[in-house]
Structure formats: C-alpha cells, structure tokens
Number of protein chains: 2
Amino acid sequence: MILLFGGTGYLGGAFRLELQRRELPFRNVSRSELDYTRFDPLLTFLRANQPEFVINCAGYTGKPNVDACETAKADTLVGNAVLPLTIATACAAAEIPWGQVSSGCIYTGAKIVESGRERVEKDLTTPQLRALLENSPDWVRGFTETDVPNFSFRDGPCSFYSGTKALGEEVIRGVGRSYIWRPRIPFDEFDNVRNYLSKLQRYAKVYDNVNSISHRSDFATACLDLWAQRAPFGIYNVTNPGFVTTRQVVALVEKYLKPARRFEFWASDAEFYQVAAKTPRSNCVLDTTKLLAAGVKMRPVLEALEAALQNWQPENKS
Amino acid sequence: MILLFGGTGYLGGAFRLELQRRELPFRNVSRSELDYTRFDPLLTFLRANQPEFVINCAGYTGKPNVDACETAKADTLVGNAVLPLTIATACAAAEIPWGQVSSGCIYTGAKIVESGRERVEKDLTTPQLRALLENSPDWVRGFTETDVPNFSFRDGPCSFYSGTKALGEEVIRGVGRSYIWRPRIPFDEFDNVRNYLSKLQRYAKVYDNVNSISHRSDFATACLDLWAQRAPFGIYNVTNPGFVTTRQVVALVEKYLKPARRFEFWASDAEFYQVAAKTPRSNCVLDTTKLLAAGVKMRPVLEALEAALQNWQPENKS
C-alpha cells in the first residue's frame, strides 16, 4: 500500500488521480486521521501499517502567492523544511522509501554556454535572456540536479518560501531512501487558482520571464514512473523538457482561448517588484536530462502547453 | 553511558566538567567521530551504543553576536531547529531520553501583576521597567514554561537567532522523551568571550536592560540534577532565580574588579539599535518556579554574580 500525504492539494490531487488510474492500492491520509507532522504518531503508524512507499505533497506555499510566506515564517519553515525532515526520519527509522514534492524555485536564471564554457547567469534580466534565447537558443542550459541551489538562504537574496524549500532538500538528503521531485509552475487544462494558465489570465499585468514549467499530471505520472521503475533514489527535475517565455505562453493563450482582454506586461523587472511583488521571484531553466535518461517520458513543454489550451476547461462558476 | 554533543562549546564545557565531577561515564562525541547532524549515522550509532541519555549543547549562536545570524540564515536554522529535530527523532526511534540546551531568548519583556491581574509587557523600555522594579518589584513576574514565546517567528519582530531557537523548541516538543533546558546569558568566574561579565567589560558602551541570567556551572548542574532526579520531561527555565539590571551588574563589576575604565551606557534603546545592533535583542525575565519545585537548587542571581566576581579569573593572555 502507498501512503499519500497532502493528497487534497493541487499537486496531491494529480497523484491521487494517477494512482487511481494505475489501480495501485493507496491511502490518502488526512491530518485529522494521522497527524503526520508529528514524529511519534507517524513512526508508530508506519511501523504498524508498513506501507511500501510514502508520497508527501504537503507543504506551505502561501496564499495568494509566495509574498504571504514572508509574514508567516514559522509556518513556512515548518511546512517546507521541518515536515520533510520529520517524514524523512520516520521513514528512515521504519525503513520505508518515500518521495518528496520539492520545487525548482530554488534556482534563478540559467546557465549559458559560450565557447564551450558554461557559466551561471543569475542576474540576467528577462529582456537579456529573451534576446539570448532568440539569437542563440543553443547557448542556454538548465540547472541540473548537481548544481547547488542559487536562490536559497545560502545563496541569496531569495524569497523566504524558496529558502525553506532549498533547506527542505538540504535536510532530507542522505536521510534514508527518498526521491526529491522538483516541479516548476504547475499548469494543465483545468482552470484553477493554482494553475499557471489561469493565473496568467487573471493578472492585471503580466510579468515577463523565462521558465521551465510542469504539466500537473505529467509531473505526477513521471514521479510515479521513477518509483515504478525503481530508478535510483535522489533528486530529479520533473518539468516538461525545454522552457518558455511568458510572452510565448500569452501568445498561445491568445491563439487557443481568444480572450476578450489584451495582455499588458510590466515595463521592467524593476516596475514589477516595485508595484506587484514584495519578495524576489524565482525564474529559472531546469535541465531534465537525468529524468529522461532514467527512461521516464515527459512531453516537450510546448506540446504539453498546447494540449492543455486545446482541452481548456473553464472553472465551473455555478 | 551518557552521550554529549557540543561538549567543546561554552555551555558544553560546563556539562563536561560536571559529568566528570559526578564520575558519570560519558562520551563527548565530536562531529568528526560521528556526524550527529545526520540522522542515519546517528540512529545507527544510538542503536549500536544504547546510551542511557543524550545531551545536546551544539547549536549556532553567531559570532561575535546574534547579528551574525541574520546573514547566515541556513546555518542558524540548521543548528538551532534542524539539528534538535534530527536528534529528537533519532532518540525517539531508538527510545533514548535526551536533553536539549535551548534558550530563554525566545521571550522579551516581563509580566506585570497589577490589582491581581497579570499582563505581558513586551515593549516596556528599559527605563520604564527599571522604574517599575525600583518602585514595585513585587509587580514583576517572569515568563513561565507555559507562556508561549513572544520573541519568535510566530510573534515577532525577533532576531533570526531567537526565531530559530523558538522553532527548535516547537519542533521537538512531543517527539520522544526530552528535557528542554533554557539558559539565559551565561556567566561565571572565568573570563571568556562568551562570558556575560567579560562582554560587559569589553563593550565600548553598555546596553542597559533587565534580564534573568544563568551561572554556567549552576546551569549544567541543574540540568543534570533534573535528569538524575528523573524529573518529568519537558521545558525548564534554568536561570538563577531573580533578575538583574545591567546597571546592577556594572555596579558589582566596579565594586569587585575595580576596573580602570568608567562605564558608559547607551542613552536609549533607540541609540543602541541605531549604532550598535542590527537585529532586536531579547531582554526578559524568566520564572524558575518549575525548576525549584522539581527540587533542583539554584543560587539566587545576586549570590551567583557576587561569587563569580569574587573569584574572578582574568583570561590568560600568554
């Protein structure tokens, strides 16, 4: 039996659906049933029930966005660093393998290859990065799993949210046997406040940048594939291969959904941060070579985006 | 056998001496011998060696003072919240009781009793509190172990150091069986950069405030007494009963050590924070009723202070 924590959340829901589709026996555990944030009852439960695998989708994201984490530091730390460590140690003590939904937001920027040499470009502005992508797309590389996070408490400035996610990875690495799955900016065809495509349509102005992003069910499917195939434990970037600029995504939204509104962009990063954001945002390109080399399939990002927009399901307002 | 982590540190040294004095078999474990910050080797070690008790004095304090923690957030979190949780969970899994050196710096201010009603005075300035102490000393009460920390990420503003110490307590409460010992501002007769009496003498200007404080070996002795007497597990304020103003301490330093220098005080909290400190300092009064009711003896604060100054050992500069 597989245990699922946080299965009622946005990414948790995708795991639930995919586990059902695969007809894998699983139990979506609520905190009222088992307070899995507390070590003692968790370890007792694991020892008594001996699940074959545990999946943690629970965490603290901040509503409506990561700015909320700046004023909820304890909850953010507890959700994103303490909870993973609690689960990691309980699973290790009970000798149960598990997977943690982490995040790719612990990086910022991209890696640039020029004359065969790779360098990290952390402070590239979006127009600079976009120009580079348009002129020399082959020069741009994503961060791999061996790159040390560069949007973290150890390498700041960063948002408090990202700091805690990077810390969460740091503290569970080497504890027992675990997968650390990194999604980025989830989206799919179902209109939802957490869906990147829904958010984009609701922003008064759009923040232009470059990112690797994850189709929600592609993400859960790939994570479960890693476990099903008994891929080596460790960190995996789990985004749809490639990357997109916000302008590309907006153009696709306009093409497929033909919204009545026109999209306006913030004139610059400076304007965005001055008016609309309190804490720095992570925008980054991730490398998915490790995931693909493990034999896991993920659709290229544009294919996944177009499929989501072609099958778009507006939220039921009734 | 008792295991000691962080036994080479300032408070750790006091535990080492007191364990030796009691002729209790103990092992001062260094991180090179056993990386007790990592759950898997720690649990393996605990299971193999079955210590009867574990003491953790390791933590991250920031050098030369807590301001340094503001720019070392990850290390501060790892040392003060992640490490205690790692030890707590490993000890719980191996069913070994343990004690954590926490800190009273997770409170600020004092409690004031007026007309039989108790209220927390968080933002009392030092002159206000001092006036209160001089005029109505019976009105001032310390924080007890059931008071929720009020200098923490959950009840800020606080220093990052204090936030992580409060979080450390929060995350280990209810995990296995542990003592949480709270010292405050350690001092004793041995001149040392960590000794409050040494610091006071070296400050260019002194910050006037009101605090409960802990004689270093009184502290270690009281902590070990709690364990020796099998007092109930849980939180204990371990300061010398009572409280002192910095002016009182300076007067005693002048009386016993007769320093050539004259002590100057910051004109106000505002001046101190503007010139000498980056992050807010905790100044607080702690209640030691629970410790004393457990049958543990601690000298009153003035007695401990006078004894330290009477036996003052200047640091050997050779």
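1. A word on handedness before anything else: a crossing is left-handed if the near helix is turned anticlockwise from the far one by less than a right angle, and right-handed if clockwise. By that convention, α2(B) and α3(B) cross in the right-handed sense. The contact involves Phe39(B), Leu42(B), Leu43(B) and Leu46(B) from α2(B), and Thr86(B), Thr89(B), Ala90(B), Cys91(B) and Ala93(B) from α3(B); contact here asks for C-beta atoms, placed from the backbone, within 7 Å. Of these residues, seven are nonpolar, two polar and no charged. For the classes, Ala, Val, Leu, Ile, Met, Phe, Trp, Tyr, Cys and Pro count as nonpolar, Asp, Glu, Lys and Arg as charged, and the others, Gly among them, as polar.

2. Some ground rules. This is a predicted model, where local features need pLDDT of at least 70 and side-chain atom pairs count only at pLDDT 80 or more, while totals for chains, interfaces and linings use all residues. Residues are numbered from 1 along each chain as its sequence is written, and chains are lettered from A and ligands numbered from 1 in the order in which they are written. Helices (H or I, at least four residues) and strands (E, at least two) are DSSP runs, numbered from the N terminus.

3. Back to that helix pair for the geometry. The axes of α2 (residues 39-49) and α3 (residues 73-93) of chain B come within 9 Å, crossing at roughly 35°. Axes are lines fitted to C-alpha atoms, for helices over the stretch in contact, and angles run from 0 to 180 degrees between N-to-C directions.

4. What does the interface draw on? In chain B, 24 residues are in contact with 24 residues of chain A. On the chain B side, α2, α3 and α5 (160-172) each supply at least two residues, and α3(B) gives the largest share, 11 residues. That side divides into 14 nonpolar, six polar and four charged residues.

5. The six-stranded sheet of chain B is open and parallel, in the order β2-β1-β3-β4-β8-β12; strands pair if DSSP finds at least two bridges between them. β2 (26-29) and β12 (234-237) of chain B are at the edges with a single partner strand each, so one side of each lacks a neighbour in the sheet. From one strand to the next, the twist averages 20°. Within this sheet, β1 (residues 2-5) and β3 (residues 53-56) of chain B run parallel and share four bridges, with Leu4(B) partnered by Ile55(B).

6. Helices on that sheet: α3(B) packs against β3, β4 (98-101) and β8 (178-182) of chain B, its direction making about 175° with that of β3(B). Then α7 (residues 216-228) of chain B lies across β3, β4, β8 and β12, at about 155° to β8(B).

7. Chain B also has an open antiparallel sheet of three strands, in the order β6-β5-β7. Its edge strands are β6 (117-121) and β7 (140-141), each pairing on one side only. β5 (residues 110-114) of chain B pairs with β6(B) over five bridges, and Val113(B) stands opposite Glu118(B).

8. Backbone points to check by eye. Most residues other than glycine have a negative phi, and most peptide bonds are trans. Lys63(A) to Pro64(A) is a cis peptide bond with omega near 5°, and the bond joining Lys63(B) and Pro64(B) is cis with omega about 0°. Pro64(B) sits in the loop between β3 and α3 of chain B. Glu95(A), in the loop between α3 and β4 of chain A, has a positive phi near 60°. Ile185(B), in the loop between β8 and β9 (186-187) of chain B, has a positive phi of about 45°.

9. Are these two residues buried or exposed? Glu95(A) counts as exposed, with 11 C-beta neighbours inside 10 Å, whereas Ile185(B) counts as buried, with 21. The cut-offs: buried means 20 or more other C-beta atoms within 10 Å, exposed 12 or fewer, partly exposed in between, with C-beta atoms placed from the backbone.

Note on methods: Two residues are in contact if their C-beta atoms, placed from the backbone, lie within 7 Å.
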